[in-house]
Protein chains: 4
Amino acid sequence: LRSTARVGDAVIGGRSVAVIAGPCAVEDYEGLLAVARTVKAAGATILRGGAYKPRTSPYSFQGLGREGLRLLAEVGRAVGLPTVSEVVDERSLEEALTYVDMVQVGARNMQNFVLLRAVGRAGKPVLLKRGLAATVDEWLWAAEYIMAEGNRQVVLCERGIRTFEPATRYTLDVSAVPLVRELSHLPVIVDPSHAAGRRQLVAPLARAAVAAGADGLLIEVHHQPERALCDGPQALTPGDFCRLVRELHHIAAALGREVLRGDLGAIA
Amino acid sequence: LRSTARVGDAVIGGRSVAVIAGPCAVEDYEGLLAVARTVKAAGATILRGGAYKPRTSPYSFQGLGREGLRLLAEVGRAVGLPTVSEVVDERSLEEALTYVDMVQVGARNMQNFVLLRAVGRAGKPVLLKRGLAATVDEWLWAAEYIMAEGNRQVVLCERGIRTFEPATRYTLDVSAVPLVRELSHLPVIVDPSHAAGRRQLVAPLARAAVAAGADGLLIEVHHQPERALCDGPQALTPGDFCRLVRELHHIAAALGREVLRGDLGAIA
Amino acid sequence: LRSTARVGDAVIGGRSVAVIAGPCAVEDYEGLLAVARTVKAAGATILRGGAYKPRTSPYSFQGLGREGLRLLAEVGRAVGLPTVSEVVDERSLEEALTYVDMVQVGARNMQNFVLLRAVGRAGKPVLLKRGLAATVDEWLWAAEYIMAEGNRQVVLCERGIRTFEPATRYTLDVSAVPLVRELSHLPVIVDPSHAAGRRQLVAPLARAAVAAGADGLLIEVHHQPERALCDGPQALTPGDFCRLVRELHHIAAALGREVLRGDLGAIA
Amino acid sequence: LRSTARVGDAVIGGRSVAVIAGPCAVEDYEGLLAVARTVKAAGATILRGGAYKPRTSPYSFQGLGREGLRLLAEVGRAVGLPTVSEVVDERSLEEALTYVDMVQVGARNMQNFVLLRAVGRAGKPVLLKRGLAATVDEWLWAAEYIMAEGNRQVVLCERGIRTFEPATRYTLDVSAVPLVRELSHLPVIVDPSHAAGRRQLVAPLARAAVAAGADGLLIEVHHQPERALCDGPQALTPGDFCRLVRELHHIAAALGREVLRGDLGAIA
């Protein structure tokens, strides 16, 4: 029997293929609201948005912090979507517990064992990204750190690994999806946006993930990608996203699964 | 406009998703005939079988050589399928030109430029596997070696790259499919069998490949995988293969493409 | 002008090649004292020992925590060596500031930006290990997080990267040494023990590191490796370590640098 | 007992550390002669020069072929150095047997088993480069293909492997040196030029290789690197090379081995 995670009204795992979408970073209320309305209308069931952004350089935009979490919660309520956001230490975790429905541990913190234990104690569902050089085995052990604290609501997220290939930002290891389903009871989703690094590749990789058996997707959508403060080149436009969800619906159906189609009439 | 390759009556590229199937190595007439009948009935349009096998150790089974090519041709004629087999030098190429409809350049020879030029001059369609540490860019340059000799019938085949992950034999780089389709006019297919190294993963990877836009698949099928002389653990049984082709048919349809369903009644 | 870091009486950077040695984990007073006496006699100038151990599995030995730091400090004082130990969050950092002379940020935390900022504010010298899939560029940016808080006492430590090669635990990227010396003013040292994963390879890698221009080495030594609670297979015996330091002395001299020879008479 | 290979009057393996040097490609008699005189005077004992160049693009300079082999032999005789050059198929091998003293199998052909068998039958000493994604184990099996044909004069050459690090052309796997010495009786040398891809890194990597126990080095030297037809950025100038050999002499001595110092007076 495979596990599921309940995030607000949404469920990850089971027959439905969950679509989590939203901008890389929360930037402002209006922009986030615009994205949230579209992704909900297209069928997304969880809203994502980063408030604490781990960035390679200390001089890059680091996210809005608590204010970002507050805006995410407000927009989530306004459109009726549960929310997920990344935490980076116990302080940001404590804030996140107030504002969001699911906490994310990012790839760079996959073996930050102090953080894993803390999210394990916190009780909210956890989205655990695979480290960029972590084996599937190490990833499952990282999940074990969370579960050993009593929290079974863990969702694994493949987001690409480091290889020699320079044409993509990372190499999406699509085999990780059936591997996790063979080795673990936990739901496994895929983030094609970070793997690809370029929006042109996001749709094919998202389709591949669903076809391989993923329990969900995490997709970056921005209403004006060319103005995004973070990772604009990999963000889908709302229009791209709507088209993609329609394709995913058909692929999921081919496998006896379901991707919600949303209510596109609601956009207008 | 995208290119296509014509292999006997089959076409690779275009609306159809080609399914090439057969054993890793040609072992004997009866076994090959059994596999060939099943894969044809299930919808495969090209028969594969190795006669010259590049093996890590000089003491492993190296293939039947010319006799293997002869058996492959004979079985292909018997069941009505065109054939493809790997060549490893000018001598095996010359033999292959007599017997098979398409020649394969293996991953380990992707930058054997003498061989690339030779298959370029030979005129038959060429299946060019990606080297296990080749970038997409280097792979396209390898194709250019073939085309520079006047042969435009080149089909690229992604078969997994070398990474740090030990849970799969190689890491299938599914992103290579949309990348090639963006950068080149050549058809691109996927070999999930070598990438996975274990039959349990072959079906999900094959589905992912089609969903990502692959123009075809190269799948190892053996009537008795546990007795195979080469790569048995990654070979599908005929039954597995039939089930997989049915799934692929639905996924291709979701994308407006087609996988032939064969005539399973023909097996009985 | 290249930077140096001052750790107690020891200096990292400059003409001397610093040798940091000790067990993977602090286990008990007697064992640590035995190792500390030997490594000092052999020429080591800083004593290492882990108290907070990041381990793949939550069920492996996790270190003695504060008690381990206390024992390390006590033994350091007893033999007259400054000490370094890994910190994993702000709590362990606060404890470490009481007990040790240099704090280490481990490979798995190289992009734990919260921790980097905290050690940046703390003021003690920092040993920053390279992440196992971090580019040299990302590693230098991680150091920048520390320096941006006003702490210039950063020492970089190459400890092997993740590659496809299974014969070593990691692949020592010896090129990182001259690269760092070209791109940065910071001292760079090498940890051959974690890279190799087996004691037979530690000496050749240590020699290679010094020959490539490393400003120091971090070497695991255990008085009874077969009984070590952590990473025993890669620990040198005290005798191996003494022989190695003698070789390093000669190689450093060949480059106009110096490795202290210690006073081996002191062991008896 | 470790094996040695005899190349003209030079020996690879044993107490001496062999230095093989010369340009990436043979371009013309005068240039090659100038390089050959300098490298001999500096202490090199074998002259290298490529005549058949495997290049990523079919439109890059492919080498002078047989004429290049002829020039190499002529210059070798003129300065009194034995020679080594790469072969890429049976035809170039046959030519090489007439002209050079050792044949090289390049990284891209490490698993071109037809070529391995052919050089095994040919009887001349073979320099076998490691494939850019080959494990040490696969590399030793490739050597076994040569030895299985009766040729025991095989020298292994580590030249860098493919990893995620973009700051170097390849990642020199210096651990391969002690690994090969542990697992095999064959001599193992290192090519720091291809690994580094930039001349600034060649000297530190060459020193590291000798310190790790390498039996020799293969170093690219060009009299006018900025005009080289191939791989100019990684070629040392004659002056750089002389300085490097002097450093290597001291490092080898520290390990009880020897690098010939040549007779620099002979340059003037």
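The model is predicted; local features need pLDDT of at least 70, and side-chain atom pairs count only at pLDDT 80 or more, while totals for chains, interfaces and linings use all residues. Residues are numbered from 1 along each chain as its sequence is written, and side-chain values use heavy atoms, with hydrogens and water left out.

**Barrel, chain B**
- Eight strands close into a barrel in the order β3-β4-β5-β6-β7-β8-β9-β10, with parallel pairing. Strands are DSSP E runs of at least two residues, helices H or I runs of at least four, numbered from the N terminus. Pairing takes at least two DSSP bridges between two strands.
- From one strand to the next, the twist averages 30°.
- Strands β9 (residues 188–190) and β10 (residues 216–220) of chain B are joined by two bridges. Gly216(B) in β10(B) is the bridge partner of Ile189(B).

**Salt bridges**
- The count over all chains is 76 salt bridges. The rule is a side-chain nitrogen of Lys or Arg within 4 Å of a carboxyl oxygen of Asp or Glu.
- Arg162(B) bridges to Glu138(D), with the closest N and O atoms 2.6 Å apart. Arg162(B) lies in the loop between β8 and α6 of chain B and Glu138(D) in helix α5 of chain D, so the pair joins two chains.
- Arg162(B) is buried at 13% relative accessibility, and Glu138(D) is buried at 10%. Buried means under 20% relative accessible area, exposed over 50%, partly exposed in between (1.4 Å probe, protein chains only).
- A salt-bridge network links Arg130(A), Glu158(A), Asp173(A) and Glu165(B).

Terms used. Chains are lettered from A and ligands numbered from 1 in the order in which they are written. Axes are lines fitted to C-alpha atoms, for helices over the stretch in contact, and angles run from 0 to 180 degrees between N-to-C directions.
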